[in-house]
Amino acid sequence: MKLAYYPGCSLKGTSFEYEVSLLKILEAMNIEIKEIPDWNCCGASAAHSINHNLSVALPARNLAIAEKDGYESVLAPCAACSNRLKNAAYELKNDDILKKKITDSLEMPYDSEMSINNMLEFLIGTVGKDKIKSMVKKPLSGLKVASYYGCLLVRPPKVMQFDDPENPVTMDELVALTGAEPVDYSFKTECCGAINSLSKPDVVMALTGNVLYDIKKHGADLVVVACPLCHSNLDVRQREIERKYDEKLGLPVLFITELLGLSFGIDPKDLAIDGHMVAADRVLKKIEGLANQR
Amino acid sequence: MKTVINEQNRRNFAAQVESMLHDKLAKCYQCGKCSAGCPVNFEMDYTPNQIIKMTELGMEDKVLNSKTIWLCVSCNTCSTRCPKGFEVTGIMDVLREIAEKKGVTSKVEKEVQMFHEVFLDNVKSNGRIFELELVGKYKLKTRHLFRDMFLAPKMLEKGKLKMHGEKIADLNQIAKIFKDFE
Amino acid sequence: MANTKTDEKLQKIAKDLLESGEVSLVIGYAKGSNLQRMRPVFITKAEDAGKLSFSPHAVQDLAVFLKKPEVKKFGKIGIVVKGCDEKAVNALIQEYQISRDNIKIIGMECNGVIRQNIADKGETNVSESAVYDKCLICEEHIPVLYDFLIESEEPKLVLSGNVKPYSGIEKLESMSAEEKNAFWAKEFDKCIKCYACRQACPLCYCSRCIVEKNMPQWIDTNSEETGNAQWNLIRAYHLSGRCIGCGECERACPVNIPLMLINEKMAKDVYNLFGYKSGLDINAKPVFGVFSESDFNDFIK
Amino acid sequence: MSRIGVFVCWCGSNIAGTVDVEKVREEAAKIPGVVSALDYKYMCSDPGQNSLRNIIKEKNLTGIVLAACSPHMHENTFRKAAAKEGLNPYFVEIANIREQVSWVHEDKERATAKAVDLMKMMVEKVKRDRPIEDVRVPLNKKALVIGGGIAGIQAALDIANGGVEVILVEKEPSIGGRMIQLDETFPTLDCSSCIMTPKMVEANQHPNIKLYTYSEVEDISGYIGNFKVKIKKKARSVVEKDCTGCGECWNACPMHKNVKSEFNVNLSERTAIYVPFPQAVPLVPVLDRSVCLHFKKGGKCQKCYDACGPKCINFDLQDEIIEETVGAIVASTGYDLMDTSMYGEYGYGKYKDVISGLQFERLLSASGPTEGVIKRPSDGKTPQTIVFVQCVGSRDPEKGVPYCSKVCCMYTAKHAKLFAHKVHGSQSYVFYIDIRSTSKGYEEFVRGTMEQDGAIYLRGRVSKIYEDEGKLIVKGADTLSGNQVEIAADMVVLATGVIPKKGSDKLAQMLGISYDKYGFFTESHPKLRPAESSTAGIFLAGMAQGPRDIPESVVSGSAAASKILGLFSKNEYEVEGTIANVNEATCVACFYCQRVCAYNAISKKEIKDRSGKLIKVVANVNPGLCTGCGACVNACFSKSIDVKGFMDDQIYAEIKALAV
Amino acid sequence: MEDKDVKKEEHKAPKHGGDNSSDPRIIAFVCNWCTYSGADLAGTSRMKYSDNVRVIKLPCTGRIDPLFIVEAFKKGAKGVLVSGCHPGDCHYTSGNYHSRRKYATFRDLLGYLGVDLDRVEFSWVSASEGNKWVSIINEFTDKIKSLPGKSTDIFTKK
């Protein structure tokens with residue numbers, strides 16, 4: 001199967017750890033993906049916020065290129081990108097007038113039934129549980145892990161068509177595969193406020209704080225995410241939140257790919273775990289400790 | 001302040017919103033579940049259900065100048081849970097877009113609006129986002145020069161801030177898309 | 001002192017009523033054995049109308065006779081009433097004991113009647129200290145209902161406020177249960193169960209009083225503590241909301257039990273609870289024949 | 001001398017576990033008059049009942065006390081068992097030593113002592129029981145229905161179809177009530193007259209229904225099974241049997257202006273001789289003497305008489321009193337709309353285009369004054385924007401009534417819908433406080449009015465309506481968005497609240513049924529006896545009971561009918577014998593008993609001697625109406641009235657049994 | 001010695017309802033439809049309450065004559081409770097309303113004549129208020145127990 005890879009801007013910038021770890025585990029599993037040539041930004045929330053047509057047209061270019069190159073499915077690890085790509089595909093399928101305008105503008109056809117996958121769909125669906133399980137060399141048993149999904153993976157459900165929007169479990173299943181214990185908590189899909197991360201930092205800190213403190217209350221050692229925007233808020237702003245609410249969190253935030261990599265026995269350095277703002281040292285030590293016990 | 005409902009203006013505005021939204025305002029029965037679940041309700045001047053009602057009543061000025069439409073984080077919680085399947089998140093997009101097109105500058109939440117504008121400019125000129133440039137331009141525009149600056153050194157240290165942005169090859173096509181759809 | 005003008009008017013009215021056959025009996029007052037006493041008189045012939053008289057010594061409530069079978073058989077009756085007594089007539093009409101059509105009310109404007117014991121000492125003028133307590137609180141110097149009204153030629157009663165009518169009520173109310181009990185135990189201890197209070201009351205008209213019922217025995221008939229208390233309680237209860245305050249029971253009591261302290265207390269409480277005063281309106285429904293959904297409920301858990 | 005049997009039930013361990021039943025039995029045996037005392041595991045079982053019956057026979061018992069479970073459980077069981085042995089069933093008393101002793105107390109000694117007390121009380125009570133016979137009242141199997149709206153018609157038809165004769169009395173010249181005034185009905189949009197007219201015709205032609213229109217009930221006396229009814233048939237001035245309904249008379253009437261049509265709620269005029277509407281049943285005109293020139297101008301005008309072919313107009317007809325005897329009555333007098341002119345802020349009566357919901361109904365109706373074209377009363381123009389205001393008078397304790405009128409939400413939604421259907425491009429605004437649309441299909445109907453028909457609903461009351469440049473300016477609020485709004489309307493329709501029909505309180509007094517402070521008839525029990533009035537034999541239906549819609553009115557009419565058919569299925573009406581009883585010798589006729597009786601069961605009885613001379617008047621209890629509540633007993637000063645089964649001496653004996 | 005005690009015990013009235021304040025006799029006049037059913041419900045729910053109370057059942061509070069209260073005191077009751085349907089719930093429409101007027105007045109009269117009103121209680125207990133019945137009885141019993149053992153009123157034989 002020909003798998004297209006749409007990294008999106010974040011994975012080339014602030015969330016480079018995500019791409020590094022992703023490529024690392026794919027390499028370990030011997031799975032090949034190809035970056036869509038000359039891909040462009042999906043427009044993210046800015047486009048849909050103030051220009052609906054643009055929010056369809058920008059992702060459409062990427063989809064059309066992928067289709068032209070004969071890919072059957074696209075992996076967009078960034079939850080925002082997968083959300084926008086899926087949304088564009090949905091609009092193109094349901095709004096013939098808009099589709100005509102866009103294909104005319106792009107001077108490319110687009111009729112694809114190509115599947116668009118977020119990171120979790122890719123791991124569970126394309127890679128498969130068996131494959132992942134077989135890769136686990138260093139089970140993380142004893143580690144309590146909270147999976148944070150946020151909004152973009154699950155909502156709107158009619159477009160995302162992914163898991164239960166109110167109680168998703170896919171990431172928890174992946175966590176379980178690593179041998180770690182998934183932690184259940186109340187705010188799995190509450191919004192962290194990513195869209196206004198830069199423009200309304202106070203609001204964002206309140207929302208992200210709610211999520212982090214709930215996770216903390218339920219006794220997790222760390223948080224895994226599959227979205228660079230979530231990661232930015234939970235990781236980069238964590239220190240600030242601790243200061244604002246005057247309560248320590250100390251929750252390392254890992255990408256799901258990093259957690260899988262750790263269980264595969266890959267060196268944390270190779271997974272760029274040291275690229276996070278909240279140091280994961282304690283957790284890494286705990287993992288080592290657990291491994292030594294066995 | 002009282003609102004005099006002008007039937008023609010009301011119809012025009014409601015019709016414009018409905019056609020962009022592909023949904024009917026009358027569907028909303030004002031149960032308030034959207035407002036109940038909205039994570040940013042606490043900062044809003046009008047609750048989401050009020051925005052819907054006011055749109056139906058043609059209160060264009062109030063709606064387009066509201067904080068609410070810019071504070072909405074598009075998390076889709078409202079639409080997902082709406083018992084009537086109404087596009088609550090969608091109406092926020094539509095109202096922002098109308099505000100943008102009509103040149104209504106949000107007096108209270110201009111940072112959000114500016115961020116979106118700067119973001120799209122960045123896409124327009126690079127095809128992709130160059131984060132450092134985006135942040136810099138945004139800060140210049142909003143004059144919030146020092147906000148979040150304390151994050152920068154550590155982010156640089158961690159390698160999160162790239163000093164050079166990527167540009168795509170076919171920038172012409174991007175320019176065309178913007179020309180066709182802006 | 002009887003006023004000749006008033007008496008003449010009164011006699012004329014009675015004479016006319018009897019002559020025309022509008023009534024066959026006039027119940028009124030006549031001069032008594034001495035100047036300070038008046039007695040009831042029953043006039044059946046027009047020529048006897050001259051016996052009728054009225055004065056501040058007309059203390060009796062003649063309405064009491066309306067319940068007597070001997071009187072009832074006359075059919076149409078004329079009656080001379082003071083404002084207080086007239087309320088008894090109204091209450092009797094409300095309770096279907098007499099029909100308005102069968103009674104001619106000769107209402108006397110009254111400025112108060114002089115206490116018997118003071119009158120006996122020779123007092124003939126109404127004054128704050130000479131009249132009964134009921135006169136001091138009287139709001140019906142002119143009867144509320146009458147067919148004929150005879151205005152008073154006497155000087156009006158002047159109230160300084162120095163004499164407090166029924167002051168015993170407030171005193172009792174402020175006592176503890178034990179003190180109240182002691183007070184009434186002493187009073188009721190005097191009771192000889194002569195039932196004069198009942199006989200004197202215009203509204204105690206039952207042909208068989210509850211005290212005479214023995215299946216069950218509602219009241220211990222022997223005159224001892226509990227039976228006395230029971231009798232006095234039931235008498236007061238049966239007159240609550242009905243008593244019009246003429247005071248005849250107390251006047252009739254041979255052992256001077258202050259019955260008006262009970263009657264007036266109950267009248268006050270009924271008015272406070274239900275806004276009802278007895279005998280003011282023949283068309284009103286008696287207070288214990290009706291209810292309101294919003295009646296006082298605070299004492300009920 | 002009493003021969004009492006005491007039976008102490010163990011109820012397994014339910015009683016015996018906490019109460020020393022043997023001790024109770026022993027104590028019972030000591031009481032004078034108790035000739036048999038027994039304890040048994042389960043008195044309610046067949047063997048238990050059999051032993052009870054055997055002992056009644058053996059010992060020739062005159063009374064029974066069961067120390068057992070609550071009388072609410074098995075009193076009837078034991079009464080029946082006693083009756084089988086020829087003992088008067090009311091000679092059975094229950095001491096409740098389970099629910100009120102063994103199940104609520106733990107100390108066995110003290111519980112036993114209490115059980116003994118309760119047993120003793122009942123022994124003393126049963127000693128004083130007198131035989132009680134249940135009361136049987138003969139039934140005249142004919143029914144009277146007052147009010148010929150949909151509820152009354154339904155009741156009449158159901159009773160008549162059950163084979164019982166019905167007299168249907170209607171005040172107006174035609175039956176049909178309010179429903180025939182309506183255009184289409186929610187939520188199905190059936191045409192009201194299409195579904196109503198056949199019922200009216202059926203009622204008119206039914207062999208078991210005697211119809212009196214333009215008639216009123218003048219007087220009612222008697223009680224269940226035997227009501228004497230006087231009906232005043234008002235002078236119609238037209239001989240019904242001869243009239244063909246041809247219409248020549250009203251066409252000839254010169255009085256065709258200035259008399260407002262009641263049926264069209266003042267939106268059109270009628271003549272002095274008229275039928276209220278074309279489908280009237282019976283189709284016989286009425287001559288309104290208060291406006292007829294013949295009566296006002298000394299008999300000169302007789303144009304109608306001249307025009308009449310069969311010469312059935314008779315100016316000399318007089319009111320007629322008809323007397324009937326019926327066994328049961330349905331009161332279904334319906335409703336009026338509130339007078340909303342007290343809302344000065346809405347200008348009803350001041351502005352011609354501020355109209356009531358019923359008026360809008362007539363504007364919608366094809367048989368209405370505008371033949372179904374919506375036109376403004378002021379200038380006949382078709383309005384483009386209509387503002388509907390809900391809860392006008394309803395839910396307004398200050399100016400109106402505190403209750404909800406129930407039908408307004410739905411009829412307003414219907415009005416807005418029909419307006420949208422009839423006037424394309426029009427717009428309606430509805431001000432509401434809550435939408436109450438709880439029946440089948442109602443919510444969907446209201447949503448449809450909003451979503452398909454574009455009516456805009458604003459949550460809030462209207463504060464003021466005033467005229468400005470030919471428009472009605474409606475000042476209201478939308479509380480959901482928190483905005484004060486102003487709408488310029490062409491017409492305003494007030495969803496006026498409903499109140500009981502004028503005079504229904506008078507009728508209730510005549511019938512001796514209770515009514516609430518608004519005048520709605522009160523049910524005997526709001527939940528369990530909703531079709532019955534407080535007086536036996538009188539049933540309720542329709543809006544006279546309170547706000548309700550058409551299907552509910554039909555249901556209530558049928559319910560009243562089925563109650564009557566059930567009642568009439570027997571030849572006699574049976575009442576428990578535990579009723580009040582007057583001691584005529586000591587009664588002094590103060591009639592406090594009558595004042596406190598909730599059932600109108602007490603009347604005045606004249607006692608005469610042989611020569612017919614009145615000796616005295618006393619209170620008399622109507623056994624068909626008395627329920628044995630005992631309020632009269634408390635009201636009686638001379639203790640001349642008592643309730644069988646709960647006599648004063650029995651209560652005293654119970655108290656005495658507890659003496660310490 | 002022992003025998004004597006036993007015999008004495010037999011002759012004594014059952015050990016309850018005596019004249020002392022620790023075990024007072026309480027008589028409750030209740031209506032058949034609401035309060036009696038409420039008391040039954042307390043039983044079927046196996047709630048526990050003070051056993052000092054003796055219930056006398058009447059059809060309706062409309063039938064509960066205030067004079068019964070006095071008779072109960074005369075016969076040694078230390079407390080009297082009158083209970084029926086809540087206003088508006090009367091099985092006979094208005095019996096409780098009529099009686100409420102009388103009770104209010106009669107209660108005033110009793111108090112005025114020196115009866116300690118703590119000994120007279122009125123309540124509305126519906127058929128569904130088993131728990132209310134229990135708390136009314138328990139609280140009333142406790143209250144009576146806290147009063148002086150000898151009631152001082154003039155209706156009780158000394």
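A residue is called buried if 20 or more other C-beta atoms lie within 10 Å of its own, exposed if 12 or fewer, and partly exposed in between, with C-beta atoms placed from the backbone. The views below show a predicted model, in which local features need pLDDT of at least 70 and side-chain atom pairs count only at pLDDT 80 or more, while totals for chains, interfaces and linings use all residues. Residues are numbered from 1 along each chain as its sequence is written, and chains are lettered from A and ligands numbered from 1 in the order in which they are written.

**View 1. The surroundings of Gly460(D).** With 19 C-beta neighbours inside 10 Å, Gly460(D) counts as partly exposed. Gly460(D) sits in the loop between strands E21 (456-459) and E22 (462-468) of chain D; helices (H or I, at least four residues) and strands (E, at least two) are DSSP runs, numbered from the N terminus. Two residues are in contact if their C-beta atoms, placed from the backbone, lie within 7 Å. Neighbours within four places in sequence aside, Gly460(D) is in contact with Phe431(D), Gly476(D), Ala477(D), Asp478(D) and Thr479(D). The C-alpha atom of Ala653(D), 193 residues away along the chain, is separated from that of Gly460(D) by 64 Å.

**View 2. Chain D as a whole.** Chain D has 19 helices and 32 strands. Its radius of gyration (taken over C-alpha atoms) is 32 Å, well over the 26 Å that the globule rule gives for 660 residues, so chain D is more spread out than a compact globule. That rule is 2.2 Å times the number of residues to the power 0.38. The C-alpha trace of chain D spans about 95 × 75 × 40 Å along its principal axes. Of the 660 residues in chain D, 54% are buried.

**View 3. The domains of chain D.** Chain D is divided into domain 1 (4-127), domain 2 (142-234 + 319-334 + 501-568), domain 3 (235-318), domain 4 (338-499) and domain 5 (577-644); domain bounds come from an automatic or database domain assignment. Between the C-alpha centres of domain 4 and domain 5 of chain D lie 54 Å.

**View 4. The largest nonpolar core.** A nonpolar core is a set of buried Ala, Val, Leu, Ile, Met, Phe, Trp, Tyr and Cys residues joined through C-beta atoms within 7 Å. The largest one has 309 residues, and those with the most contacts inside it are Ala67(D), Met119(D) and Ile329(D). Helix H6 (residues 108-127) of chain D supplies the largest share of this core, 10 residues. Beyond its neighbours within four places in sequence, Ile329(D) has contacts that include Ala143(D), Phe227(D), Leu511(D) and Phe539(D).

**View 5. Where chain E meets chain D.** The contact takes 40 residues from chain E and 38 residues from chain D. On the chain E side, helix H2 (35-44), strand E2 (53-58), helix H3 (66-74) and helix H4 (95-112) are the elements that give two or more residues. The largest share of this side, six residues, comes from H2(E).

**View 6. The two domains of chain C.** The assignment gives domain 1 (4-150) and domain 2 (167-289) in chain C. Their C-alpha centres lie 24 Å apart. In the contact, 22 residues of domain 1 of chain C meet 18 residues of domain 2 of chain C. H3(C) gives the most to the domain 1 side, with nine residues.
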